[in-house]
Structure formats: structure tokens, C-alpha cells
Amino acid sequence: MQIPKRLEVIGELIHEGAYVADIGADHGLLERYIANHLKDYHILAVENKKGPMSALSAATKDLPNVILSLSDGIEAVNEQYDTIVLAGMGGDNIISILSKYPEKVKTVKNIIVDAHSFIPKVRRTLVDFGFDIEVEKLVLEAGVYYNVISFKRNSNQQNYSQDELEFGYNLSKDPLFKDYKNYLLNRYQKILNDMENSNCKNKKNKEILNEMRRFKSYE
Ligand SMILES: C[S@@+](CC[C@H](N)C(=O)[O-])C[C@H]1O[C@@H](n2cnc3c(N)ncnc32)[C@H](O)[C@@H]1O
């Protein structure tokens, strides 16, 4: 089975010697990528449902150093794990998984996310939890853009602008940024057109226009 590009990008962010807790490991493709590319790794692959867990178990049975856990979110993650991966989930689920066990979030060094919604809220929450944005990368797959963000615990506590938290940190250097910007601006425009057509000109309309203006000047 071919690994999605977004998981490959996450796999590349994992270093030799890492202790990784992969929450919502599902098909086990990230586990296989890491096992194929690293010599020294330890993975806790977590699923909270029996169905995905049995698929995960079958998919990873030949991989060394992968421990499976049928448990909720980061409940089973202990201090030896330095990296938590939360990929392919809604941003609201990612936030609720992390918020449920704040004492575990305090001991982890890196959190890598691929949130499929509420991305600005995920950035804000992780920064509020005491993390800095180390790397943010765009991935384009089958016409859909994904934001892979790697957060690092940092005592410096960098200050971020509203635009950086909302639109992305250092994203303008990403080779896909120009296309991503056009794609998002077209999406904003489509929402505005739909609102015009449904005669629904209101406060929301102004908010979208304002956001478009800010995003246009974001570079
Ligand atoms: C769409 S899949 C993503 C799989 C893989 N991480 C990826 O990015 O392709 C999301 C998985 O997360 C699991 N999941 C959702 N909430 C969870 C939670 N609280 N704890 C553990 N697993 C969870 C689901 O069962 C599902 O298998």
C-alpha cells in the first residue's frame, strides 16, 4: 500500500532514537515508513476502536519496536515518549485529545499534527500549551492541501502574530505557498459569491472580506 505524502512528510520529521506515540495509527502506514527508514525507533501505536485496532495489529505484526495500545488518545503515553503524532483528524478532536491529559502534554518535547480542520485553533492551543512552531509544511495530494505542523516545547515562548497563527508560520517560503494562497483566496471568493446569490449579505460577509484582505497581504 502506498503511503500518503502527508504521512511521508511526517515520517521525515521523526529522527533516529525517537520514541513516538502515534495516536489514531489506523492502517499502520506511518509505523511501516518509520520502520523502513530508521534503525533506532520506538513506537506506541494507539487506536481507541476495536475495528481499526485489529487492522493495525495485522498491518504492523512484522514490525519490531511497535507496541499497540487500545486506549483513548494520549491516556497510555508515558514520559519515555518524546514525540506525539496526531494525523488525519479534525482539529477539534486533536485539541480535545491533548486537553484531556494536560500533565502528559507537559512532558512531551514534540507534537506533530496534520489537522484536517480548525488549523488556526490548533496552532493557538499548542502555543498556549507552551510549544513553538518548529516546522510548517504544505502538502498537496489529490487536489487537497494539508498543513503538517511540527511543534517543539520551548522555554523561550516565541511571540506569534495573529496572521502567523491564522494563516501559517513561515509558510510563504514553502514552494507550494503561492498556489495554496490562490486556492484559499478562490475558496473565500466562492463563499462570498454563494452568499451574494443567496442574498445573505451580513456581518459574516464583511468578516470574510476582511480575512481575504489580510490573507492577500500575508507573505
Ligand atoms: C482518519 S484516521 C487517520 C489515520 C492516520 N493517522 C492517517 O493520518 O492516515 C483517524 C484515526 O484516529 C482514530 N482516533 C480518533 N480519535 C481517537 C482517540 N481519541 N484515541 C485514539 N484513536 C483515535 C480513529 O479510530 C481513526 O482510526
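Here are some questions and answers about this predicted model.

Residues are numbered from 1 along each chain as its sequence is written. Because the model is predicted, local features need pLDDT of at least 70 and side-chain atom pairs count only at pLDDT 80 or more, while totals for chains, interfaces and linings use all residues.

User: How many helices and strands does the protein have?

Analyst: Helices (H or I, at least four residues) and strands (E, at least two) are DSSP runs, numbered from the N terminus. Going by that, the protein has 9 helices and 7 strands.

User: What is the radius of gyration of the protein?

Analyst: This value is taken over C-alpha atoms, and the globule rule is 2.2 Å times the number of residues to the power 0.38. For 219 residues the rule gives 17 Å, and the protein comes close to that, so it is as compact as a globular protein of that length. Its radius of gyration is 19 Å.

User: Is H4 roughly parallel or oblique to H6?

Analyst: Axes are lines fitted to C-alpha atoms, for helices over the stretch in contact, and angles run from 0 to 180 degrees between N-to-C directions. Helix H4 (residues 91-100) and helix H6 (residues 119-128) pack at about 20°, with axes 8 Å apart. Angles under 35 degrees count as roughly parallel, over 145 as roughly antiparallel, 65 to 115 as roughly perpendicular and the rest as oblique. That makes H4, relative to H6, roughly parallel.

User: Which residues of H6 make the contact with H4?

Analyst: Two residues are in contact if their C-beta atoms, placed from the backbone, lie within 7 Å. On the H4 side you'll find Gly91, Ile94 and Ile95. On the H6 side, they are Ile119, Lys121, Val122 and Thr125.

User: Is H1 oblique or roughly parallel to H2?

Analyst: Helix H1 (residues 5-12) and helix H2 (residues 29-37) have axes 10 Å apart and pack at an angle of about 45°. That makes H1, relative to H2, oblique.

User: Which element gives the most to the shell around the ligand?

Analyst: A residue is near a molecule or strand if its C-beta atom, placed from the backbone, lies within 6 Å of it. There are 17 residues around the ligand, with Gly24, Asp26, Asn48, Ala87 and Gly88 the closest. Strand E2 (41-47), strand E4 (83-89) and H4 each give two or more residues. With 3 residues, the top giver is E4.
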